[in-house]
Amino acid sequence: MGVHECPAWLWLLLSLLSFPLGLPVPGAPPRLICDSRVLERYLLEAKEAENVTMGCSESCSLNENITVPDTKVNFYAWKRMEVGQQALEVWQGLALLSEAVLRGQAVLANSSQPCKPLQLHVDKAISGLRSITTLLRVLGAQEAISLPDAASAAPLRTITADTFCKLFRVYSNFLRGKLKLYTGEACRRGDR
């Protein structure tokens with residue numbers, strides 16, 4: 001390979017790294033997350049993972065407490081929140097959930113007898129969280145967060161998960177709750 005030749009995958013990686021996070025993702029259909037069927041697909045995957053892990057015991061233990069976002073929603077307070085505060089809470093929750101699921105993946109990788117069906121659901125959750133993050137970028141959710149919102153925001157309420165079942169329950173509840181509330185309102189605002 002000459003000095004100026006680079007493998008195609010390296011160019012792709014460099015081009016992906018050069019995109020600022022707040023800009024729309026080229027090639028992604030605009031506002032795809034506003035189609036209820038898209039979010040419903042991720043909800044079904046999360047619920048399926050939760051259901052699969054309900055019956056297992058020792059093999060579904062995380063062997064540690066992993067911090068996840070608290071999914072309880074005070075609807076009265078949520079409706080009174082500024083859009084930027086809602087967006088910030090969703091972004092923080094997605095980031096924390098992504099960290100938690102990746103930690104769960106590491107626990108499985110280090111297990112002496114990893115459960116293949118469980119691994120499949122963890123991989124789907126990681127993929128789903130990445131896709132949701134991309135869809136929110138296209139929706140412009142990052143632009144909704146202003147610096148004063150970020151500076152004055154209350155810390156994200158958290159809980160811990162010690163089993164995959166609880167981790168997937170939090171994932172499912174987060175999608176059904178805060179994410180669905182936020183995207184529903186953001187999509188309505190965009191339609192005006």
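Helices H4 and H5 are roughly antiparallel to each other, a term used for angles over 145 degrees, whereas angles under 35 degrees count as roughly parallel, 65 to 115 as roughly perpendicular and the rest as oblique. The model is a predicted one, in which local features need pLDDT of at least 70 and side-chain atom pairs count only at pLDDT 80 or more, while totals for chains, interfaces and linings use all residues. Residues are numbered from 1 along each chain as its sequence is written, and side-chain values use heavy atoms, with hydrogens and water left out.

The protein contains seven helices and two strands, where helices (H or I, at least four residues) and strands (E, at least two) are DSSP runs numbered from the N terminus. Along the sequence these elements follow the pattern α-α-β-α-α-α-α-β-α. Of the 192 residues in the protein, 35% are buried, with buried meaning under 20% relative accessible area, exposed over 50% and partly exposed in between (1.4 Å probe, protein chains only). Among contacts (heavy atoms within 4.5 Å) between residues at least 6 apart in sequence, 89% join residues at least 24 apart.

Two packed helices are described by the angle between their axes and the distance between the axes. For helix H4 (residues 83–109) and helix H5 (residues 116–139), the angle is about 155° and the axes are 10 Å apart; axes here are lines fitted to C-alpha atoms, for helices over the stretch in contact, and angles run from 0 to 180 degrees between N-to-C directions.

The contact is formed by Val-38, Tyr-42, Glu-45, Glu-48, Ala-49, Val-52 and Thr-53 of H2 together with Leu-118, His-121, Lys-124, Gly-128, Ser-131, Ile-132 and Leu-135 of H5. The residues of the contact of H2 with H5 divide into seven nonpolar, four polar and three charged. Glu-48, placed in helix H2, is partly exposed, with a relative accessible area of 39%. Leaving aside neighbours within four places in sequence, Glu-48 is in contact with His-121 and Lys-124, and its C-alpha atom is separated by 9.9 Å from that of Arg-169, 121 residues apart along the chain.

In soluble globular proteins, nonpolar side chains tend to be buried together. The largest nonpolar core has 42 residues, of which Val-90, Leu-136, Phe-164, Phe-168, Tyr-171, Leu-175 and Leu-179 touch the most other members; such a core is a set of buried Ala, Val, Leu, Ile, Met, Phe, Trp, Tyr and Cys residues joined through side-chain atoms within 4.5 Å. Helix H2 (36–54), S1, H4, H5 and helix H7 (164–191) each supply at least two residues of this core, and H7 gives the most, with eleven residues. Phe-164 touches Thr-53, Cys-60, Ser-61, Leu-62, Gly-104, Leu-108, Leu-118 and Val-122, not counting residues up to four places away in sequence.

Lys-180 also lies in helix H7 and, at 40% relative accessibility, counts as partly exposed. Beyond neighbours within four places in sequence, Lys-180 is in contact with Leu-39, Glu-40, Leu-43 and Leu-175.

Leu-156 is found in the loop between helix H6 (147–152) and strand S2 (158–163). The C-alpha atoms of Leu-156 and Gly-93, 63 residues apart along the chain, are separated by 7.5 Å. Asn-63, in strand S1 (residues 61–69), has a phi near 60°, a positive value in a residue other than glycine, and counts as exposed at 66% relative accessibility.

Conventions:
Nonpolar A, V, L, I, M, F, W, Y, C, P; charged D, E, K, R; others polar.
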